[in-house]
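Subject: Structure handover

Hello,

Here is the structure for you to look at. My notes on it follow below.

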Amino acid sequence: MADSITNSWFQKSISVIADCSLEERKYLFQQSRILKEAMQEQNEEVLDRFRISDPSFGIYEIFLEDSTRTRESFRNAAKFLRVNVSDMISGSSSLNKSESFRDTFHTLIGYSNHIFIVRSKQEGLCRWLAKSSKVYCGRMGTAFIPSFVNGGDGEHEHPTQELYDDFTFLEDLQWNYDKIHVALIGDLLHNRTIHSKINGLQIFNEVEVDLIAPGEMGLPRSYYQIMAEKVCNIRIFASLDEYLEQKHVAPMWYFTRLQLERMDEMILRREGELRYSVTLRPDHLPVLQKLQDEQNCKIKFYHPMPRHKQFPVIPTFLDNTPYNGWERQSANGLIVRITLLALIAGRCPPPVGLLPREETESKPVKSYEELPILDSGRPKVYSEGLRPIRNGIVIDHILRGSSPPEIRCHMRRITELMGLDRYRGGQWVGSSHKDSHIKAIYKGLIFVPEAKPFSPEQLRKLSAIAPHITINYIQDGQVQSKYRLLQPPRIYGFSETRCRNRNCISHESHHEGVDSEFSHTVEDNFICIYCHTGHNFQEIWNV
Ligand code: CP
């Protein structure tokens with residue numbers, strides 16, 4: 001097995017595509033290319049470099065949603081690698097007796113399984129399993145910590161599909177990473193293979209994306225925002241007809257099926273019309289041919305499959321044409337998944353080593369900074385009603401710039417979450433300008449006479465509820481010290497936070513006992529570390 005210090009693929013868990021760095025992905029593609037050639041040439045010497053050839057090495061497939069390709073390609077990959085492969089019969093497992101995922105997987109880890117391939121409706125399950133199994137393995141003193149590979153979780157991500165999609169794109173781009181222009185077509189709202197593309201396509205230096213879907217199936221806003229930051233050009237079209245009306249089309253078209261099983265009644269009523277807008281028709285072909293001639297390019301179609309047998313978005317009359325890129329894409333699934341399992345098992349280690357990324361999880365972060373108390377020549381006096389405050393705390397600059405109702409609502413949230421109700425005191429909304437001609441900028445202020453200074457843990461909590469506010473500690477009528485709270489990079493460890501996505505493994509409705517946790521993205525936005533649903537810092541708090 002590889003030296004775990006020098007091989008970052010070794011024992012890796014993959015919940016989302018971004019869990020693999022760009023260097024790691026490029027290394028996997030390079031190795032997959034070697035494997036594919038060796039398979040074609042039946043070069044056993046090279047193939048043996050990938051094989052684990054250890055019957056005590058266990059790969060366990062846990063599929064809680066239907067699958068053909070993912071389940072069977074991993075099973076065949078395991079057979080090629082000459083390891084033991086098991087498959088849990090989920091329909092008759094004790095999950096049906098309300099057993100938690102934690103207890104189910106800890107049981108299976110105890111049976112000496114090294115890699116779990118997991119497909120589930122619950123989003124972020126693999127991230128949670130990777131976390132909880134570390135604690136379990138520490139408690140049990142197991143010889144190794146198993147890896148968890150996401151085989152598709154709800155509407156969230158499908159990272160191993162992304163790996164072989166990108167491998168196929170690279171084959172068709174003659175291994176040139178400079179630029180990709182791809183059209184993403186179909187159900188962009190529910191399709192996890194599309195959501196993995198947001199970070200997946202970052203392996204290319206320049207990315208141009210055309211999104212083709214009616215509004216009801218458009219890319220979720222949170223994914224669009226991330227894409228807009230990373231992609232140099234995004235265009236949106238409501239249908240293939242609209243796309244073909246203009247001249248600049250992508251050479252790569254990635255079709256996806258309508259995920260009817262995830263759609264609500266409202267959308268399902270318009271199924272036929274929605275499907276029509278993203279289905280390739282015979283009358284499109286002459287237009288496509290003309291565009292290819294004008295652009296001097298060959299257009300290829302891809303599809304993660306399965307396709308609907310009655311209403312396929314890529315109809316079967318296209319199977320025997322040069323447009324067909326999806327069958328090779330599907331076959332590449334086996335190649336890339338063999339390589340992936342081999343790398344996780346420590347085979348084919350990179351010669352110079354891809355170093356494991358530093359874990360940031362447990363690093364303490366500063367939640368506040370001290371501010372100077374400016375001497376304006378007259379003492380700064382805060383009042384409670386008509387009387388000056390002699391001792392206590394004044395929280396200032398709450399939600400500065402928002403509307404008075406929003407500020408009042410947030411002040412109630414702060415008061416409740418920080419347990420300030422038990423003190424006397426009050427709150428008001430002030431404005432920056434007394435001059436009625438200038439647009440006022442409002443801010444909230446809470447005063448709590450007699451309250452003691454906050455503890456570091458209370459400050460950490462307050463910085464998560466209300467970043468950017470200032471806290472004034474008052475003694476004998478004077479501001480003794482003043483602090484500004486900083487935007488925390490992570491919000492974790494508070495019982496009052498919750499992810500608002502009902503499919504998230506951390507959502508309370510699943511009773512899995514997963515503490516919610518968020519990481520900061522841009523401005524006041526945070527994403528759930530399990531399902532990547534976006535929240536602003538007000539939405540995180542369950543009050
Ligand atoms: N593309 C894909 O994940 O297919 P399956 O649902 O058949 O696994």
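Cys531 is buried, at 3% relative accessibility. Cys348 is in no disulfide either, and the nearest cysteine sulfur, that of Cys20, is 16 Å away. Cys348 is also buried, with a relative accessible area of 10%. The disulfide count comes to zero.

On confidence, the mean pLDDT of the protein chain is 91, and 93% of its residues reach 70 or more. Residues 1–5 stay under 50. Where pLDDT is low, the predicted coordinates should not be read in detail.

The salt bridges number 34. One of them joins Glu65 and Arg192, at 3.0 Å from N to O. Glu65 sits in the loop between β1 (54–63) and α3 (69–81), and Arg192 in helix α7 (residues 192–200), so this pair ties together parts that are 127 residues apart in sequence. Glu65 is buried at 10% relative accessibility, and Arg192 is buried at 7%.

Asp48 and Arg51 also form a salt bridge, with the closest N and O atoms 3.0 Å apart; Asp48 is partly exposed at 38%, whereas Arg51 is buried at 7%.

Lastly, an unreviewed UniProt entry places the domain "Aspartate/ornithine carbamoyltransferase carbamoyl-P binding" at residues 13–171. That stretch is 49% helix and 18% strand in the model.

Regards

Note on methods:
Residues are numbered from 1 along each chain as its sequence is written. This is a predicted model: local features need pLDDT of at least 70, side-chain atom pairs count only at pLDDT 80 or more; totals for chains, interfaces and linings use all residues. Side-chain values use heavy atoms; hydrogens and water are left out. A disulfide is a pair of cysteine sulfur atoms within 2.5 Å. Buried means under 20% relative accessible area, exposed over 50%, partly exposed in between (1.4 Å probe, protein chains only). pLDDT is the predictor's confidence in each residue, from 0 to 100. Contact means heavy atoms within 4.5 Å. UniProt positions are given in the numbering used here, feature names are shortened, and annotations may be inferred rather than shown by experiment. Helices (H or I, at least four residues) and strands (E, at least two) are DSSP runs, numbered from the N terminus. A salt bridge is a side-chain nitrogen of Lys or Arg within 4 Å of a carboxyl oxygen of Asp or Glu.
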